[in-house]
Amino acid sequence: MLEKQQKMSNGASNTTGKYLHCIIKGKIPKDRFKLAGLEGNAVHVVNQGNLSCLVSDTSCDHYPLWREHIIAHQKPIEEVMKYYDVIPFSFSNIAKTEDQIKKILKERKDEFEELLQKFKGKTEVGLKAFWPNMQLIFQEIAKQPELQRLKSTHLTYQRKIAVGELVGKLLEKRKKDEAQDIIKAVRDLVEDLKEQQLFGENMILNAAFLIKKGKENEFARQAGVLAQSFPNTNIRCSGPFPLYNFVALRIKLT
């Protein structure tokens, strides 16, 4: 295992397959891009009809979800999307040969072309929102009349449980309400969105947004305005990214 990892990090030439990065519309020259993919190997293009697939040589049939592998998967796609509309493959899709890739492009031609048309001129940006001071949030929740009424009576064991449950419900409601207020503030710039899993008690929004290319700066400016509208909330804008949260291409080899 250690030997295999060392070969991977050194960019070994023991090629056993083709790592798939993304689909591009059009017949792109094989050596159009001077980029490095998995294991530091140069990316190249495989053509079939009016579709192209960006690939890099690989000596593995599967990659663990390590940071360096994820970066090597993403970086070539992010560079290519500056010049072309692309449909990204999800992580660790590997074909055995170029002929196999051409077969996939031919058999799934209609699907790929439909996706390229659907997402033509689109990109993805992310927005995350956090409460940096949870003590302040709990202090504000404590002022809620419903909670004050409950706490004004003798706090038996059962009532203490009820108070804890009510605090949890009020906290969750505030999270959802504020997250929706943030989403509404950028809704005019957005064509679609995917809300994602929240991490930690203080995270209130974790979402990916589908927007038109060229609107990235306007979206970032609006995120800056939001930061002023929600002074007790940290709002972070990121991207642009390939459409990872709106398309999840995978191959099934037979």
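Visitor: What should I know about the model before reading its side chains?

Guide: The model is predicted, so local features need pLDDT of at least 70 and side-chain atom pairs count only at pLDDT 80 or more, while totals for chains, interfaces and linings use all residues. Residues are numbered from 1 along each chain as its sequence is written, and side-chain values use heavy atoms, with hydrogens and water left out.

Visitor: How many salt bridges does the structure hold?

Guide: A salt bridge is a side-chain nitrogen of Lys or Arg within 4 Å of a carboxyl oxygen of Asp or Glu. By that criterion the structure holds eleven, and one of them joins the side chains of Glu98 and Lys18 at 3.9 Å, N to O.

Visitor: Where do Glu98 and Lys18 lie in the chain?

Guide: Helices (H or I, at least four residues) and strands (E, at least two) are DSSP runs, numbered from the N terminus. Glu98 belongs to helix α3 (residues 98-107) and Lys18 to strand β1 (residues 17-25), so that the pair, 80 residues apart, links distant parts of the chain.

Visitor: Which parts of the chain does the pair of Lys213 and Asp85 tie together?

Guide: Lys213 forms a salt bridge with Asp85, the closest N and O atoms being 3.1 Å apart. Because Lys213 lies in the loop between β8 (203-212) and α8 (216-229), and Asp85 in the loop between α2 (67-80) and β4 (86-88), the pair ties together parts that are 128 residues apart in sequence. Lys213 is partly exposed at 31% relative accessibility, and Asp85 is partly exposed at 24%.

Visitor: Where is Asn93 found, and what does the side chain of Asn93 reach?

Guide: Asn93 sits in the loop between β4 and β5 (94-95) and is buried, with a relative accessible area of 2%. The side chain of Asn93 reaches the backbone oxygen of Ser90 at 2.8 Å. Contact means heavy atoms within 4.5 Å, and, not counting residues up to four places away in sequence, Asn93 touches Lys18, Tyr19, Leu20, Leu249, Arg250 and Ile251.

Conventions
Buried < 20%, exposed > 50% of the residue type's maximum accessible area, 1.4 Å probe, protein only. Polar contact = N/O pair within 3.5 Å; in protein donor to acceptor, adjacent residues only side chain to side chain.
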